[in-house]
Structures are given as C-alpha cells and as structure tokens.
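Good morning, everyone. Let me put the chain on the screen, and then we will walk through it.

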Amino acid sequence: MDAIPLALDGYLAAEAEPGDREGTVCWRLTCSAGTDHLVEEAVIPCTTMEPEIVHALLTERQPGDLLRVTGHLTLPDTADGIIRLHADSLEVLWEAPLLDADGDPDTATATDADADRNRAIAALAEALTGIGQATPGPEHSIRIHISPTGVLGSGLEYCHSVDITPDIAHRLADYIDAMSCHLDSGRPDGVVLDPATIADLTDLFDDIDLIDLTNTVLNATRPEHRPAVTRAMDDMFGDIPAHEDTDP
C-alpha cells in the first residue's frame, strides 16, 4: 500500500528504543486532535533510519518532549497489522524540563499540588477548546500547547493542543490585558502616590459641598427610604445635617 505523506505534532510517550535493524530507532508519539476529549487522542508508532534523528532520540530527547514529526505513514495490509510513521525529519517544539533527581518533596503536598494543577490545566484546555469550536473553519492557524512542567512520561493525558483563529487570539489578548489591569488596580502596600495626584484628589474632595450633596440625594429619595440613606451617608462622610435642616 502506498505511503501517505504526513506531519504530526505530539508528545514523546516513552523513552525511544533501538529498532530491530541496526541504525534505526522506534518510539511512540501521543497526538491530540486539539480537543479536551481523550477519545480523540492517538498513540502513533514511529521509526526512522535517519542518523541525526536516531542519535537525537536515543541521547537527547525525553518523555514529554513535544515533537513535530514529518514523514510517510504506512497502513497495514491486514486488519491486525500496525500503522507506522517513517520519519524523514524531526523538530523539537518544546522540551520537557528535567526533574531534580536529588529532591525529596513531601509526597502529600506534592500530590495535592499536582491534582490542583491538573484540574486547572483541564479547565483551561476545555475553555480554549470551547472558543475554538465556536468559530469553525479553515482559519485556525494558531496552536496553543498546554501541559504540566516536568517529565511527562506518565502524565501525557494532561497535555493538550488547541487550535484557534487569529481573531480569537486577539480577543484573548484583550481579555488578558483587561484582567491584568483589574489585578493591578488594587494598590499594593508601600506604594506612594505621586504628590501631584494627592493634591488633585485633595482639591476634588475639598470642592464637595456636603450640605448641597445631602440635599440633592435626600430630595431624590423616597421619604420611607430617607432614614436608611441618611445613615449610609453618615457612615461615608461622618455626621451630616438632617434633611429637614437642609431644605431651603
């Protein structure tokens, strides 16, 4: 059967192993269809005779690395056969960080932190997948990869690839900017305002006529609500004149 030209992005599922023939290597690539549903993920067996790829996979690459493999996919002639991607080129899109082998973290704390991280990854992937599916079409030209940090040999189910359009990417950037502005709006302790700003604020509040403000607010308030409004204004500005004392 003719081989099919194909390029796949996926995570190295386990350590690569030397092939049956000398100068070859075999590995498994975990690929995602770009959604948060595990049923749409597949593990593709790969092999190559290219010396540079063989060397890289046996000496440099580790489980969890995100790879782009380009080559030819061969389909089996029988129903019980195995498909295999014969790689011609290999590109590393993202390297999984190495774990500190000497570290001995508290197991319970690490487990709780991992569970919280994995729930956050799942929530983010589901949200991004939702907005990506809301705009179907060929315009999906931006791919976002989400995964835990660290070696991913046993945690590839927490790796996701989501395709979105440039328009969605711009909207996401706007939302993130707005969120950053909101988070920065609370002034941290120890930050000193500019003296000119303090002077402007002082002048603004000095110009407020509390009696006139009281008249305006209470005259616009229904009589049965005036006691509650008066108490609220007392809490805000201190004791204010009673409404009957401020009527012209």
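Start with Arg-61: does it count as buried or exposed? Arg-61 counts as buried, because its relative accessibility is 11%. The cut-offs are these: buried means under 20% relative accessible area, exposed means over 50%, and partly exposed is in between, with a 1.4 Å probe and protein chains only.

Two ground rules before we go on. This is a predicted model, so local features need pLDDT of at least 70 and side-chain atom pairs count only at pLDDT 80 or more, while totals for chains, interfaces and linings use all residues. Residues are numbered from 1 along each chain as its sequence is written, and side-chain values use heavy atoms, with hydrogens and water left out.

Now the overall picture. The protein chain has seven helices and eight strands. Helices (H or I, at least four residues) and strands (E, at least two) are DSSP runs, numbered from the N terminus. The chain has 248 residues, and 27% of them count as buried. Its accessible surface comes to about 16,300 Å². Carbon and sulfur atoms hold 56% of that surface. These areas come from the Shrake-Rupley method with a 1.4 Å probe; for residues, only the protein chains shown count as cover.

Next, contacts. A contact means heavy atoms within 4.5 Å. Take the contacts in the chain with a separation of 6 or more: 61% of them are between residues 24 or more positions apart.

On to salt bridges. Side chains of opposite charge can pair when their charged atoms come close. The rule here is a side-chain nitrogen of Lys or Arg within 4 Å of a carboxyl oxygen of Asp or Glu. How many does that give? The count comes to eight.

Back to Arg-61. Its salt bridge partner is Glu-60, with the closest N and O atoms 3.8 Å apart. Glu-60 counts as partly exposed, at 48% relative accessibility.

Now look at Arg-68. Arg-68 forms a salt bridge with Asp-9, and the closest N and O atoms are 2.7 Å apart. Why does this pair tie together separate parts of the sequence? Arg-68 lies in strand S5 (residues 66-74) and Asp-9 lies in strand S1 (residues 4-12), so the pair links parts that are 59 residues apart in sequence. Arg-68 is partly exposed at 32% relative accessibility, whereas Asp-9 is buried at 14%.

A further pair is Arg-143 and Asp-163. Their closest N and O atoms are 2.6 Å apart in a salt bridge. Arg-143 sits in strand S7 (residues 142-146) and Asp-163 in strand S8 (residues 160-164), so this pair ties together parts 20 residues apart in sequence. Arg-143 is partly exposed at 42%, and Asp-163 is partly exposed at 24%. Which residues join into one network through shared partners? They are Asp-9, Arg-68, Arg-143 and Asp-163.

Gly-71 counts as buried, at 4% relative accessibility. What does Gly-71 touch, if we skip residues up to four places away in sequence? Its contacts are Ile-4, Pro-5, Leu-6, Leu-85, His-86, Ala-87 and Asp-88. The C-alpha atoms of Gly-71 and His-86 are separated by 5.4 Å, and the two residues are 15 apart along the chain.

Thr-30 is in strand S3 (residues 25-32). Thr-30 is buried at 11% relative accessibility. For contrast, Glu-126 in helix H2 (residues 107-133) is exposed, with a relative accessible area of 54%.

Last stop, the surface patches. Patches are made of residues with over 30% relative accessible area and no salt bridge; like charges are joined within 9 Å, and nonpolar side chains (Val, Leu, Ile, Met, Phe, Trp, Tyr) within 5 Å. One patch is nonpolar: Leu-201, Leu-204, Phe-205, Ile-208 and Leu-210, with about 440 Å² of accessible area together. Helix H4 gives the largest share of this patch, three residues. Leu-204 lies in that helix.

Asp-203 is also in helix H4, which spans residues 195-206. Asp-203 is partly exposed at 44%. It belongs to a patch of negative charge on the surface, together with Asp-194, Asp-200, Asp-206 and Asp-207. For charges, Lys and Arg count as positive and Asp and Glu as negative; His and the chain ends are not counted. The place of a charge is NZ of Lys, CZ of Arg, CG of Asp or CD of Glu.
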